[in-house]
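Biologist: I have a chain open here and want to go through it with you. Can you put it on screen?

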Amino acid sequence: MGTTVLRLSKEKQDLVIQEFKQGQTKSPPYARFAAKVPGCVITIYNSGKVMFQGTEAETIASRFGTATPTKSKEPLVSTLPNGFAEWSVAGSDEVGKGDFFGPLVVVASFVDRKQIALLHELGVRDSKHLNDTEIRRIARDLHAVIPYTYRILHNPEYNQMQRTMTQGKMTALMHNDVLERLLDQLETKPEAILIDQFAEKTVYYKHLSGVVNPVRENVYFSTKAEQLHVAVAASSIIARAIFLKEMDKLSETTGVVIPKGAGAKVDQVAASLILRYGADKLRDWTKAHFANTKKAQQLATKRNRP
C-alpha cells in the first residue's frame, strides 16, 4: 500500500473535501476530514498535512500538489515477520534503568493498525530523537488516543527488591505486569506483542519463572524496537514523560535540580544532598547499588573535611 503526504493550504484542503465528500467517513482524532474512495483513504489532519493511502494514493495526490511518497526505513537487524510494522501490536519499553536518580518506569501500549498513521502524524518516533518538551507534548496526545498501562518502581521499593534480585529480573517482572494488565483491558486482541529487548528471550522467561502464566503468546523481542513498531516508540515516549514528571517531583522535594544519567554531575549533586540530608536519605531518591553512591560519599567526605 502506497502512502503520499502533502502539506496543503486551507483552500486546497477545501477542494479535497469538496471532491471526496461523498466518500466521507468518521475522522480520527486530530483530523478535520477523512474519506474512503476506490484505491485510496484520504485524511486531512489539523496540522495541514493531507495523507493519501492506498494503491491509487500517488495518482490522486498528484491532482492537488507535488506528490511526496513517504519512504519506509528498512529495519536495522530484525527477525520480525514481513509487514510487522503495519500490524496491530502491543509494545513495551522501560525508562530510567541507567539513571542514578529517579524511578524505573515501564509502559505497555496498544496501537491498532488503523491508528499507525495517526501516531506518525502526532510525531511518534524513536524517543532518543526527541527533546523533553516534545516528549511531554506527544505523551499528552497519546494519553487521549491509545490504551496503555504503566508501573513506576520508586527508589525505596527498587532498593528493597535489589537486595534479592538483579535489575534485569525487576525489569522483566515489570514488563510482564504492564502487558498482563494491558491485555486484560483490551477488547481487540493484538496480532503480536513486541518487547524492547533488554535480555535474551530465554533469560527473560527465566526471570519470570516464579510468575503464574506469564505473557507468552505471540511475543517478539528485538533491540531498537522503537524503530520497528510505533507501539514501542509510543510506550517509550509515555514512559519518558512519566519519568520526567517524577524527576520534577524529586527536584521539588530536594530543592535541587536533579540531573539525569549517571555521570560526574550526578555525583556532585548526590554529594551535596548527602551533606544536606544525610547518606540514608539519599537512598530514597537513588538506585543505591550504582557506583555513584560510593563516589558521592567520597566527594561528601572531602568537602566536609576542615
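**Strands, helices and a few residues**

Modeller: This is a predicted model. Strand 2 (residues 31-37) is mostly covered, with five of its seven residues buried.

Biologist: Which sense does strand 2 pair in with strand 3, and over how many bridges?

Modeller: Strand 2 and strand 3 (residues 40-45) pair in the antiparallel sense, over six bridges. Ala-35, for instance, has Ile-42 in strand 3 as its bridge partner.

Biologist: What does the turn of that hairpin look like?

Modeller: Two residues lie between strand 2 and strand 3 in the hairpin, and Gly-39 in the turn has a positive phi of about 85°.

Biologist: Staying with strands, where is Met-51? Buried or exposed?

Modeller: Met-51 is in strand 4 (residues 49-54). Met-51 counts as buried because its relative accessibility is 8%, and the cut-off for buried is under 20%.

Biologist: What does Met-51 touch?

Modeller: Leaving out residues up to four places away in sequence, Met-51 touches Thr-3, Thr-4, Val-5, Val-41, Ile-42, Thr-43, Tyr-45 and Ala-117.

Biologist: How far is Met-51 from Tyr-148?

Modeller: Their C-alpha atoms are separated by 26 Å, and the two residues are 97 apart along the chain.

Biologist: How does strand 9 pair with strand 8?

Modeller: Strand 8 (residues 192-196) and strand 9 pair in the parallel sense, over four bridges. Asp-196 has Ser-222 of strand 9 as its bridge partner.

Biologist: And Tyr-220, where does that sit?

Modeller: Tyr-220 lies in strand 9. Tyr-220 is partly exposed, with a relative accessible area of 26%. Its C-alpha atom is 4.8 Å from that of Leu-194, which is 26 residues away along the chain.

Biologist: What are the contacts of Tyr-220?

Modeller: Not counting residues up to four places away in sequence, Tyr-220 touches Ala-192, Ile-193, Leu-194 and Ile-195, and also Leu-80, Pro-81, Phe-84 and Trp-87.

Biologist: What span should helix 6 have, at 1.5 Å a residue?

Modeller: Its 19 residues should span 27 Å, and the end C-alpha atoms are 28 Å apart, which agrees.

Biologist: Which residues of helix 6 are buried, and what do they pack against?

Modeller: The buried residues are Gln-167, Met-170, Thr-171, Ala-172, Met-174, His-175, Asn-176, Val-178, Leu-179 and Leu-182. They pack against strands 5, 6, 7 and 8, and also against helix 5 (155-162) and helix 7 (201-207).

Biologist: Different topic. At what angle do helix 4 and helix 8 pack?

Modeller: Helix 4 (residues 132-145) and helix 8 (residues 230-254) pack at about 115°, with their axes 9 Å apart. Helix 4 passes helix 8 in a left-handed crossing. Among the residues making the contact are Ile-135, Ile-138 and Leu-142 of helix 4 and Ile-237, Ala-241 and Leu-244 of helix 8.

Biologist: How many nonpolar, polar and charged residues in that contact?

Modeller: Nine nonpolar, no polar and five charged.

Biologist: Last one, helix 9. What is buried there?

Modeller: In helix 9 (residues 264-277), Val-266, Asp-267, Val-269, Ala-270, Ala-271, Leu-273 and Ile-274 are buried. Their cover includes helix 8, helix 10 (279-282) and helix 11 (292-304).

Terms used:
Residues are numbered from 1 along each chain as its sequence is written. This is a predicted model: local features need pLDDT of at least 70, side-chain atom pairs count only at pLDDT 80 or more; totals for chains, interfaces and linings use all residues. Side-chain values use heavy atoms; hydrogens and water are left out. Two strands pair if DSSP finds at least two bridges between them. Axes are lines fitted to C-alpha atoms, for helices over the stretch in contact, and angles run from 0 to 180 degrees between N-to-C directions. A crossing is left-handed if the near helix is turned anticlockwise from the far one by less than a right angle, and right-handed if clockwise. Contact means heavy atoms within 4.5 Å. Ala, Val, Leu, Ile, Met, Phe, Trp, Tyr, Cys and Pro count as nonpolar, Asp, Glu, Lys and Arg as charged, and the others, Gly among them, as polar. The expected span of a helix is 1.5 Å times one less than its number of residues. Buried means under 20% relative accessible area, exposed over 50%, partly exposed in between (1.4 Å probe, protein chains only).
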